[in-house]
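Please open the structure in your viewer and keep the sequence panel beside it. The tour below moves from one selection to the next and says what is to be found at each stop.

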Amino acid sequence: MNRPLAQRLAPILFIAALLALWEGVVRLNHVPSFILPTPSQIAIRLVEDWPILWPALVYTCGVTAAALIASGVLGLMLAMLMSASAWVERMIYPLAVVLQVTPIVAIAPLIIIWVHDTRLSLLICAFLVAFFPVVANATTGLNSVDGNLRALFTLYGARPWQRLFWLSLPSALPYYLAGLRISGGLALIGAVVAEFVAGTGGTRSGLAFVIVESGYRLSMDRMFAALFLISASGILLYALISRITRALLRHWHESAL
Amino acid sequence: MTRPLLTIEGLAKSWRRPGGGLHEVLAGVSLSVPAEPQFISLLGPSGCGKSTLLRLVAGLDAPSAGRIDWSQAAFEAFGAARPSVGFVFQEPTLMPWASLFENVRLPLRVAGRSRREAREEVMAALDMVGLADRAGAYPRQLSGGQKMRVSIARALVMRPRVLLMDEPFAALDEITRHRLNDDLLSVWQASGATVLFVTHSVYESVYLSSRIITIGTGGAGPGRIIADRAVDAPYPRDEAFRTSDRYNALCRQVSADLRAASGGALEEVHA
């Protein structure tokens, strides 16, 4: 990670230039702030409305994290079941695909009606979006164990659990982590979409609710502040999972060298 | 005479073709491996069934017909369940996520031995192939030849009675291959195991073996034993052997066996 300073500064300077351009164009043309606020107005709003934004941020991140952990655990368990039995795979996989291809916006209202606890209903929505990449990737990983290594474990008379923990799971780890990295972003999207649906119905929740409410009040600067926080959490989550991936794979996997 | 270590009788293997019908890979293979350590090459052209024979001996595939009988002595290291066999594949087949130490420890770990108990044996095996100082390294840090050495150390760590090797040096360059041939011979003599070594190289088989079994289809049909020849040259062998008349004469004979195995004219054998 010893890139030259200029290379590291370049993206930061570019973003700063874009923000300056935005600020300048809005000010020179006297665009009203309920159409498009300036970056500085948004920054001020972010600080002033922190008491509203912070709990919303915690709420949304909480739902996202819970959904991601649930998909990480349940996705892996399902993948293990499917790789252990072709029958289970044939029965369950189509169902997982159906869940994956059905837009969450279309199911979210139903789930929010059925499940009374708002937080739980949001979590279910986010989970439904997030868990397929984990299942798909982990299944691929578990099924792509080197045939000769498999033969070697047979030769040494390895028991099923030894095979699972010492061969299948380590082989699948890079795939699993790649799935998790995709799921991180999707869990956030799922949580936000579900909050939108719930928020349109008047249920108070996280950052997406703040956006819906700010829209009603024509408070565009707060809307942008909330939007900024959603993007920032998405980036942080991605960076965190990438960091974990690197730490776990750095000794051996091409993707982390 | 003591009971043979391994007796193979009428062994056959066929695969079901995807379109129906059977593809016979091996048929009527009978041979006996004595209790005394030998270095046996299974020589043959590509696709003659020699690797299949090795997998059958290892118990990785089940034969379609025939028997493989192990003597009681073969059941020492692994407990009663399976004969004591080490296997080296054509690829190093190491676990990329594990250090060299952990790779070599695998057979002992599967057998339920703790890390502390296994430590001495693992280090001895790594030392035998000259990689004791790299025990903490990961496979990707090694060259192809070094990875093969680790694979051999892993196969020997259980002190098996039989070491099965499936063209282990085929992917290596000539110089590395020669060095590994020499090292394999000294490791073999130190281990007291019998080696079954699959190769398609006449020179490699003559240099290494005390006995060369040539397998082939003879032009058509399933693979079978074409020739079974003792190599009466003493060990240890070195570069001097590689350039000797004895070596050249053996290479000519074995080349003729190999030609016959791939269906070449038999009269050349007697020419």
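## First stop: a loop residue

Select A:D117, which is exposed because 9 other C-beta atoms lie within 10 Å, a count that falls under the limit of 12 or fewer set for exposed residues. The model you are looking at is a predicted one. A:D117 sits in the loop between helix 5 and helix 6 of chain A.

## The helices on either side of the loop

Next, select residues 104-114 and residues 118-143 of chain A, which are helix 5 and helix 6, and which pack at an angle of about 150° with their axes 9 Å apart. Angles over 145 degrees count as roughly antiparallel, and helix 5 and helix 6 of chain A are therefore roughly antiparallel to each other. The crossing in which helix 5 of chain A passes helix 6 of chain A is right-handed. To see where they touch, show the side chains of A:I104, A:A108, A:I111 and A:I112 from helix 5, together with A:S121, A:I124, A:C125, A:L128 and A:V129 from helix 6. Coloured by class, this contact between helix 5 and helix 6 of chain A shows eight nonpolar residues, one polar residue and no charged ones.

Move on to helix 8 (residues 160-200) and helix 10 (residues 220-249) of chain A, whose axes come within 10 Å and cross at roughly 170°. That angle makes helix 8 of chain A roughly antiparallel to helix 10 of chain A. Among the residues that meet here are A:L173, A:P174 and A:L177 in helix 8 of chain A, and A:I230, A:S233 and A:G234 in helix 10 of chain A. The contact of helix 8 with helix 10 of chain A is made up of twelve nonpolar, six polar and one charged residue.

## Chain A as a whole

The C-alpha atoms of chain A fill a box of roughly 75 × 55 × 25 Å along the principal axes. Of its 257 residues, 36% count as buried. Among contacts in chain A between residues at least 6 apart in sequence, 75% join residues at least 24 apart.

## Across to chain B

Which chain gives 17 residues to the contact between the two chains, and which gives 14? Chain B supplies the 17 and chain A the 14. On the side of chain B that touches chain A, strand 5 (85-88) and helix 2 (100-110) of chain B each supply at least two residues. The residues on that side of chain B divide into 13 nonpolar, one polar and three charged.

## The sheet of chain B

Finish with the open sheet of three strands in chain B, which has the order 2-1-4 and antiparallel pairing. Strand 2 (22-33) and strand 4 (65-70) of chain B are its edge strands, each pairing on one side only. Strand 1 (residues 6-16) of chain B pairs with strand 4 of chain B over five bridges in the antiparallel sense, and in strand 4 of chain B the bridge partner of B:T7 is B:D69. Helix 1 (residues 50-58) of chain B packs on the sheet and touches strand 1, strand 2 and strand 4 of chain B, with its direction at about 65° to that of strand 2 of chain B.

Definitions and conventions: Residues are numbered from 1 along each chain as its sequence is written. Chains are lettered from A and ligands numbered from 1 in the order in which they are written. This is a predicted model: local features need pLDDT of at least 70, side-chain atom pairs count only at pLDDT 80 or more; totals for chains, interfaces and linings use all residues. Axes are lines fitted to C-alpha atoms, for helices over the stretch in contact, and angles run from 0 to 180 degrees between N-to-C directions. Helices (H or I, at least four residues) and strands (E, at least two) are DSSP runs, numbered from the N terminus. Angles under 35 degrees count as roughly parallel, over 145 as roughly antiparallel, 65 to 115 as roughly perpendicular and the rest as oblique. A crossing is left-handed if the near helix is turned anticlockwise from the far one by less than a right angle, and right-handed if clockwise. Two residues are in contact if their C-beta atoms, placed from the backbone, lie within 7 Å. Ala, Val, Leu, Ile, Met, Phe, Trp, Tyr, Cys and Pro count as nonpolar, Asp, Glu, Lys and Arg as charged, and the others, Gly among them, as polar. Two strands pair if DSSP finds at least two bridges between them. A residue is buried if 20 or more other C-beta atoms lie within 10 Å of its own, exposed if 12 or fewer, and partly exposed in between; C-beta atoms are placed from the backbone.
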